[in-house]
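Please look at the sequence and the 3D structure below while you read this report.

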Amino acid sequence: MSQSPDFDEIIDRVGHHSVKWDGMQGLYGVDPREGIAMWVADMDFRPPACVQKALEEMAAHGVYGYWGDDRAYLAAIGWWMANRHGWQIAPEWVFTTHGLVNGTALCVDAFTAPGDGVVLMTPVYHAFARVIKAAGRRVVECPLVLNDGRYEMDFDAWDAQMDGSAKMLILCSPHNPGGRVWTEAELRGVADFARRHGLVLVSDEIHHDLVMPGHKHHAFPTVCPEQPVVMMTATTKTFNIAGTHSGNVIIADPDLRARFAGRMAARGVSPNSFGLALATAAYSPEGAAWLDALIAYLDENRRIFDAGVNAIPGLHSMPLEATYLAWVDFAGTGMTREEFTARVEQGAKIAANHGPTFGLGGESFLRFNLATPRARVIEAVARLQAAFGDLQ
Ligand SMILES: Cc1ncc(COP(=O)(O)O)c(C=O)c1O
């Protein structure tokens with residue numbers, strides 16, 4: 001039996017090429033020695049011992065040549081999808097990309113042409129729009145609706161927006177930054193919407209393992225088996241190995257698969273041996289036990305953060321059904337964006353993601369990463385309460 005994970009351990013990441021910690025001074029003007037990095041979505045925890053062991057075995061062997069024989073890797077992915085998500089896949093459906101931003105870029109390339117529209121339900125993960133625009137396509141923003149402090153889809157409004165120029169839709173499920181786990185009815189609504197408007201449907205499910213107790217994520221094909229879909233999943237968020245830049249694009253539909261395979265070949269994408277080895281180790285019973293412990297820890301961090309932040313008049317932290325990313329609305333303070341942001345960054349010395357980068361609807365929000373030792377979450381809450389102390 002491996003030891004139970006110690007998520008309370010403070011591991012100093014400053015000076016270790018962590019974008020979250022080493023990039024905050026330049027971007028936010030917050031010194032990492034006195035600040036708290038709560039922006040980029042990686043965790044301040046070590047991965048499970050089985051992942052560390054896989055890396056140590058590679059290092060002990062000491063030869064880092066090209067990877068071959070991916071049977072164990074594909075079997076591990078199949079096992080994980082069947083066991084954790086009730087989704088049966090075939091090995092030949094799986095493509096390994098350099099992470100899922102790369103997977104998104106390949107989808108844009110494979111399924112759209114320059115000038116085409118790509119639908120995003122905003123606010124949503126900022127890299128989607130960046131990739132779409134950089135590829136010379138257009139972002140078509142379909143705004144999510146805030147209902148009782150949580151996001152909902154609005155298909156009637158979105159139908160009215162469509163003019164036939166959009167060719168692809170990227171669904172973020174569970175939703176980053178709103179933390180929603182979409183219901184089966186909502187997912188069926190997405191499938192109908194995609195069919196009505198002839199959109200290739202891409203479902204980014206990178207956060208699918210990070211679901212809070214009491215909620216159930218539905219892998220898209222388990223709800224809408226008849227709908228062709230490009231599924232994007234990874235071990236990187238779940239097990240905190242994002243630096244390996246590995247993701248899986250899983251496509252059952254033969255036509256979509258052939259088109260995607262063509263772009264993979266044209267772009268010369270082939271996997272990184274470290275990513276494959278660590279993913280194989282992570283998708284295991286030991287990885288699963290570690291993940292269960294992680295979820296319990298994150299859920300308590302979420303509870304502490306929400307209780308503290310929601311006690312500040314004018315602030316509202318959206319209920320997190322999934323992900324470790326708290327989406328906090330400052331609209332109720334009546335402050336300008338510049339003022340509440342300055343209070344968080346210069347006052348509380350916390351680096352959090354700026355809402356507008358997520359698209360329409362993000363204007364009055366900041367996103368806080370809670371995947372850090374509990375002492376830091378408690379400290380962040382105390383600092384926020386002090387920075388907005390005049391509102392108490
Ligand atoms: C929805 C979503 N997709 C993709 C990514 C990043 O994927 P990768 O690191 O595999 O490029 C993130 C990271 O935060 C994300 O939230």
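A salt bridge is a side-chain nitrogen of Lys or Arg that lies within 4 Å of a carboxyl oxygen of Asp or Glu. The structure discussed here is a predicted model, in which local features need pLDDT of at least 70 and side-chain atom pairs count only at pLDDT 80 or more, while totals for chains, interfaces and linings use all residues. Residues are numbered from 1 along each chain as its sequence is written, and side-chain values use heavy atoms, with hydrogens and water left out.

**Salt bridges**

A search of the whole structure finds 26 salt bridges, and three of them are listed here.

| Asp42 | Arg13 | 2.9 Å |

The helices and strands named below are DSSP runs numbered from the N terminus, a helix being H or I with at least four residues and a strand being E with at least two. The salt bridge between Asp42 and Arg13 links distant parts of the chain, since Asp42 lies in the loop between β1 (36–38) and α3 (49–61), Arg13 lies in the segment before α1 (19–22), and the two are 29 residues apart. A residue is called buried under 20% relative accessible area, exposed over 50%, and partly exposed in between (1.4 Å probe, protein chains only). Asp42 is buried because its relative accessible area is 13%, and Arg13, at 17%, also counts as buried.

Through shared partners, salt bridges join Arg13, Lys20, Asp42, Asp44 and Arg376 into one network.

**The ligand**

Which residues lie around the ligand? They are Ala41, Gly99, Leu100, Val101, Tyr125, Cys172, Asn176, Asp204, Ile206, His207 and Lys237, where near means that a heavy atom of the residue lies within 4 Å. Helix α5 (residues 99–111) gives the largest share of this shell, with 3 residues.

A backbone N or O atom of Leu100 lies 2.7 Å from an oxygen atom of the ligand, and a polar side-chain atom of Asn176 lies 2.8 Å from a ligand oxygen atom. A polar side-chain atom of Asp204 is 2.6 Å from a nitrogen atom of the ligand.

**Aromatic rings**

Rings of Phe, Tyr and Trp (its six-membered ring) pair if their centres lie within 6.5 Å; planes under 30 degrees apart count as stacked, over 60 as edge-to-face, and the rest as tilted. The whole structure holds 21 aromatic pairs. The rings of Phe239 and Tyr283 are edge-to-face because their planes stand at 75 degrees, with the centres 6.3 Å apart. By contrast, Phe330 and Phe340 form a stacked pair, 4.6 Å centre to centre and with 5 degrees between the planes. Phe330 lies in the loop between β12 (325–329) and α14 (337–347) and Phe340 in helix α14, so this pair ties together parts 10 residues apart in sequence.

Conventions: Polar contact = N/O pair within 3.5 Å; in protein donor to acceptor, adjacent residues only side chain to side chain.
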